Structure formats: structure tokens, C-alpha cells
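Dear colleague,

Please find the structure below, together with its sequence. A short account of the findings follows it.

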Amino acid sequence: MPSFQAKTPSANAVPAAQYDAIIIGAGMSGMYQLYRLRLLGMSVRVFESGGDVGGTWYWNRYPGARFDSESYSYGYSFSEELLKEWEWQEHFSAQPETLRYLNFVADKFDLRSDIEFNCRVAKAAYDEALNCWTIDMDGGGRARARFLITAIGPLSASTMPNIDGVDSFQGAAFHTSAWPHEPVDFANKRVAVIGTGATAVQLIPEVAKTVGHLTVFQRRPNYCTPLHNRPIDDETQSGIKAGYAEIFEKCAKSYGGFIHDVDRRKALEVSPEEREAFFEKLYGEPGFGLWMGNFRDILVDQDANDTITQFVRRKIGERVTDPDVAEKLTPRDHGFGTRRVPMETGYYETYNQDNVLLVDINDSPIKRITPQGIETSDTRYEFDIIIYATGFDAITGAFDRIDIRGPGGQSLKEKWADGPKTYLGLQIEGFPNLLTLVGPHNAATFCNIPRCIEQNVDWVTDLMRYMKDNGVSRIVPTAQAQDEWTAHVHDSAARLLFTKVDSWFMGINSNLPGRQKRRFLLYAGGAPAYREKCNDVAANGYEGFEFG
Ligand SMILES: Cc1cc2nc3c(=O)[nH]c(=O)nc-3n(C[C@H](O)[C@H](O)[C@H](O)COP(=O)(O)OP(=O)(O)OC[C@H]3O[C@@H](n4cnc5c(N)ncnc54)[C@H](O)[C@@H]3O)c2cc1C
């Protein structure tokens with residue numbers, strides 16, 4: 001087989017370690033890609049800015065952090081042995097257990113020997129003459145490879161709110177995605193949480209269990225629905241282990257890679273009583289059923305969506321004692337499911353506690369963070385701890401934080417300034433040999449993510465094998481293939497109601513300059529259609545790509 005090693009650069013070049021492939025990121029994606037490419041006999045090095053494996057589950061250690069995916073549907077499916085050996089303890093595992101799982105995987109397959117930790121990739125540049133990528137690390141260090149594979153995460157570039165005085169606060173302050181490794185004590189403390197997205201909805205009830213006083217600053221409420229987590233008993237454990245093949249098959253057939261799949265009926269086809277009973281059933285069941293397993297038109301038809309929206313609004317009103325607080329917690333500017341649905345455990349009841357206060361920052365905007373706390377237009381609050389649950393620059397943020405340059409120095413960030421353009425969400429015209437796992441326009445962005453990660457990685461691995469077998473070492477999509485895929489991404493999303501709403505699904509982040517215009521980031525055509533398209537492309541000799 002021909003080698004993938006890049007040609008040797010001239011003698012006066014900066015020395016760089018050389019590999020067949022470099023992977024950036026050691027989360028679920030990077031770990032599995034490393035495992036697969038090593039089996040192909042390629043030399044591979046992973047560069048990870050964190051101190052260990054796990055990605056999302058390494059960084060997000062805040063109290064309450066856990067899956068919204070069923071644990072047994074989230075783990076890797078590629079190894080029978082791993083499936084036999086690992087036992088999930090809860091239906092929706094908490095972060096410590098998931099991190100233990102990923103450490104177990106890293107140990108089992110000896111992944112760490114090919115990973116460099118505490119190593120942030122700052123730059124990546126493609127050299128046309130050598131047909132290779134050179135990466136430069138923050139604080140020095142350089143490496144080179146024929147292929148560059150990004151596994152940098154859809155939700156890994158955290159954002160802080162755009163508020164004056166953040167650095168002036170004299171108490172303790174934490175962003176949820178950079179939570180300390182030691183426990184934080186909230187007893188007798190005055191704590192502020194800024195943000196009410198999926199992370200905050202997990203965090204707030206946990207903090208409220210022991211806090212002295214908690215103040216939540218909310219800009220926009222979400223429709224949160226019950227997780228109904230519980231431990232996995234022995235009988236269920238045996239059923240899961242015996243039923244993995246069916247679980248993964250069910251996920252493979254479903255729109256979003258979950259064990260929940262849409263009901264084939266339309267919402268207005270059934271009687272109001274039948275609809276109500278169905279919503280009640282889903283609301284009482286674990287996981288994303290109300291969002292992913294509902295009538296097939298609730299996310300595309302406004303009248304259908306109104307039925308479930310009214311139902312969830314009513315539930316909020318029933319669970320929050322104070323009608324004014326309930327009203328503040330009820331979204332009025334979008335319908336259910338058109339933004340990320342946070343899963344909750346006692347979230348609404350938290351606001352019935354005497355020591356919990358909800359501040360709507362539309363009524364009293366935050367003016368600044370002060371050394372003692374937070375000043376709004378009408379009140380000065382004093383705090384011991386401020387928690388920023390302000391989320392991420394989703395999907396493209398981690399790309400923008402690396403200076404990625406194609407031939408002739410073309411910047412990827414500039415190329416994507418008006419929104420990403422890709423082929424299959426896996427490659428970009430003008431950027432040869434750059435492969436983007438869980439990148440924009442990839443089904444993994446709207447999926448029970450590991451199910452789509454495995455598809456992405458397997459596809460990239462098959463491509464590597466194909467290129468070796470055919471003696472080619474350069475691949476890049478044609479402009480036409482990219483234009484067609486990008487248009488398809490827009491078309492398949494356009495029918496969904498979420499495209500008419502501002503949220504991170506549409507690339508909106510009010511904390512970041514340049515993130516106020518809606519952009520198409522997700523592939524909403526469904527995981528099965530995406531997989532079929534990727535398979536067809538491969539079966540047709542990787543149509544849409546040019547090899548060299
Ligand atoms: C709190 C939370 C809960 C979630 N729950 C679910 C869930 O229930 N179900 C679900 O499907 N998905 C969930 N997700 C999404 C989750 O991100 C994915 O499931 C999955 O972990 C993504 O894996 P990944 O390897 O692609 O990315 P990540 O896990 O984000 O890993 C990317 C890694 O790349 C590293 N990196 C990034 N840039 C650089 C750089 N320049 N140099 C070096 N290293 C870099 C990061 O440090 C990180 O370790 C959740 C996300 C969050 C934040």
C-alpha cells in the first residue's frame with residue numbers, strides 16, 4: 001500500500017512531528033476515529049486542549065449535568081465486548097458516570113498513547129506543494145499530516161454574556177462548561193445563575209437543594225419537559241444487554257438517532273380527547289418522547305404545533321404556584337420544540353421555594369456585574385457565587401477559534417462568514433484533505449450524537465481505505481457538489497418551524513457580535529436519509545469529490 005506520509009519539507013522549515021492523520025479533539029468523535037484509523041495501520045496523533053479524554057463530559061462537570069439521551073442508546077456500538085462489559089447505572093447517566101465510561105473506553109483500547117493533552121490547536125494550514133496540513137499549538141509545538149480531521153465538538157466553544165464588569169466580581173464565578181474538578185459548596189451562599197437554557201435547567205434544581213438563596217436571571221424561557229430518570233435495575237440491565245442489536249436498529253431507523261421515533265398520525269387527525277391522552281402519556285414517559293416521538297406534523301405545521309404548545313404551557317402553569325412566576329417561565333414568542341427542549345427534574349417546582357427568585361431581564365435588564373454582585377436597571381444584588389450558564393457558540397464556534405487556512409492562505413472563517421457551505425457536512429470545497437466530524441450540515445448536529453458520530457467515523461475510515469487502495473492522497477469536493485448539498489441542507493430545513501425562530505439551531509447567539517443573523521447550521525433531513533446519501537456517494541466512487 002502507498003504511504004500517506006507527507007513529503008519532507010525543506011531543510012530550513014520549522015521541525016514538526018509527522019503523521020498520516022491528525023485528529024483535533026479527544027471526545028466521543030476523536031476517540032473513535034483514532035481507534036478506527038489505527039486499525040487501518042495509519043499513524044495518527046490526537047491533539048486535545050483538555051487534560052484528559054471525554055470532550056463534553058470532561059468539561060461540563062456542573063451539578064446536574066447528565067444525558068438527555070437514554071444511556072444505553074448513547075454509548076458506542078462498535079465493540080460487542082465493550083457492550084458486554086459496561087453497565088449503565090441510570091437510564092440517563094450523570095456526567096461522572098459518562099466520564100468514567102469514556103475513561104473505560106480509553107483504557108480498554110489504549111487510546112491515550114496516541115493523544116497529546118493540554119494542547120490547543122491554534123492554527124492549521126494546508127501546503128499545496130507538500131499536500132499536507134501543518135498545525136501549530138498554542139504555546140508552541142507543530143505537527144504535520146496528510147489528513148486533518150476535526151473532532152472539535154458542536155458544543156465546545158463556550159460563550160460569556162456580553163455584560164460590563166465581568167472581571168470585577170470579587171466572589172467566585174464559574175462557567176458551567178469549565179466547572180472545577182472539586183465540588184462547589186452552595187450552603188448558606190447567595191448564588192446567581194445567568195441563563196435558562198438546557199444546562200441551566202439541569203443545574204438550577206441541584207443548586208437549589210442546598211443553596212442559601214438563589215437568583216435566576218432569565219432572558220428567554222424554554223419549554224422544559226420531565227426527564228423521568230431512574231436507576232437501571234438488574235432485570236432491565238439484562239434486557240438492555242440482550243437487546244442492544246434491536247436498540248441500535250431502532251435508533252438507525254429513527255429520524256434523530258433516538259429510540260423515540262415520530263408517530264405516523266397528524267395532530268389534528270385525532271379527536272381532542274385522543275390528542276390530550278397521547279400528550280399526557282408522552283409527558284409521563286422518560287426522555288425526548290414528547291419532542292421526538294410526537295405526531296409527525298408538530299414541528300412542521302403551525303396549527304399542529306399550537307396543540308402541543310398549549311399543552312406544555314398549561315403544564316407549566318399547573319406546576320408553578322405563583323401565577324406571575326409561571327407566566328414569566330412560559331414562552332410566548334415561539335412554539336414547543338422549535339428551540340432545543342431542555343429536559344428537567346423538578347425544574348418548575350424549584351421556583352416554588354421561598355429562597356429562589358426569578359428575575360426577568362426583559363423587565364429589568366442587567367446593567368453590569370459589580371464587585372459585589374449584579375446590578376439591574378432597578379436593583380443591586382449581592383452574591384457570593386455567579387454561575388454563567390450562557391452556553392456555546394454552537395457548531396461553527398470551535399472552527400472559528402482555529403485559524404484554518406486552505407491553499408493560498410484562504411481563511412475558513414472568512415469563507416463561512418455568511419454561513420457554512422459544505423459537502424455532506426464532512427468536507428469543504430477549497431480545503432483538501434480536511435474532514436469535519438459532526439461539522440455543520442452534518443446529520444450529527446441534529447441527532448442522538450454518538451449514533452451519527454459512528455456513521456461519520458466509519459464513512460471517513462472507508463474513504464481512507466479507498467484512497468490507500470487506489471493510490472490517491474488528495475481529496476476535495478467540487479464546487480458544484482458543495483453548492484447542491486448546501487442548497488439541500490437549506491431546503492430540508494426550510495419546512496421545519498425552527499427555521500423561523502431565533503436560537504442556536506439557527507446560529508443565533510445574542511452574546512456574540514456577528515451572530516444575530518440566522519444561518520443554516522443543522523442538517524434536518526434526518527439521520528437515515530443522510531446515511532443513505534453518504535453511502536450512495538461512496539458506492540458511486542465518491543461522486544462529488546475530486547481525487548489527486
Ligand atoms: C451539557 C451537555 C449535555 C449533552 N447531552 C447530550 C445528550 O444527552 N445527547 C446527545 O446526543 N448529545 C449531547 N450533548 C452533545 C455532545 O456534545 C455530544 O453528544 C458529544 O459529546 C460530542 O462529541 P464530540 O467528540 O464530537 O465533541 P466534544 O465532546 O465536544 O469534544 C470535542 C473536543 O475537542 C476539543 N477541542 C476543541 N477545539 C480544540 C482545539 N482547537 N485544539 C484542541 N482541542 C480542541 C475540546 O476540548 C473537546 O474535548 C451534550 C452537550 C452538552 C454540552
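Which of the 34 residues around the ligand come nearest? They are Ser 29, Glu 48, Asp 68, Ser 69 and Tyr 74, where a residue counts as near if one of its heavy atoms lies within 4 Å.

Please note that this is a predicted model, in which local features need pLDDT of at least 70, side-chain atom pairs count only at pLDDT 80 or more, and totals for chains, interfaces and linings use all residues. Residues are numbered from 1 along each chain as its sequence is written, and side-chain values use heavy atoms, leaving out hydrogens and water.

Ligand oxygen atoms lie 3.0 Å from a polar backbone atom of Met 28 and 3.0 Å from a polar side-chain atom of Trp 59. A nitrogen atom of the ligand is 2.8 Å from a backbone N or O atom of Val 121.

Across the whole structure, a search finds 39 salt bridges (a side-chain nitrogen of Lys or Arg within 4 Å of a carboxyl oxygen of Asp or Glu). Asp 68 forms one with Arg 340, their closest N and O atoms being 2.8 Å apart. Asp 68 counts as buried at 9% relative accessibility, whereas Arg 340 is partly exposed at 25% (buried means under 20% relative accessible area, exposed over 50%, partly exposed in between, with a 1.4 Å probe and protein chains only). Arg 265 pairs with Glu 274 in a further salt bridge, with the closest N and O atoms 3.0 Å apart. Finally, Glu 276, Glu 280, Arg 314, Lys 315 and Glu 318 are linked in a network of salt bridges.

With kind regards

Conventions:
Polar contact = N/O pair within 3.5 Å; in protein donor to acceptor, adjacent residues only side chain to side chain.
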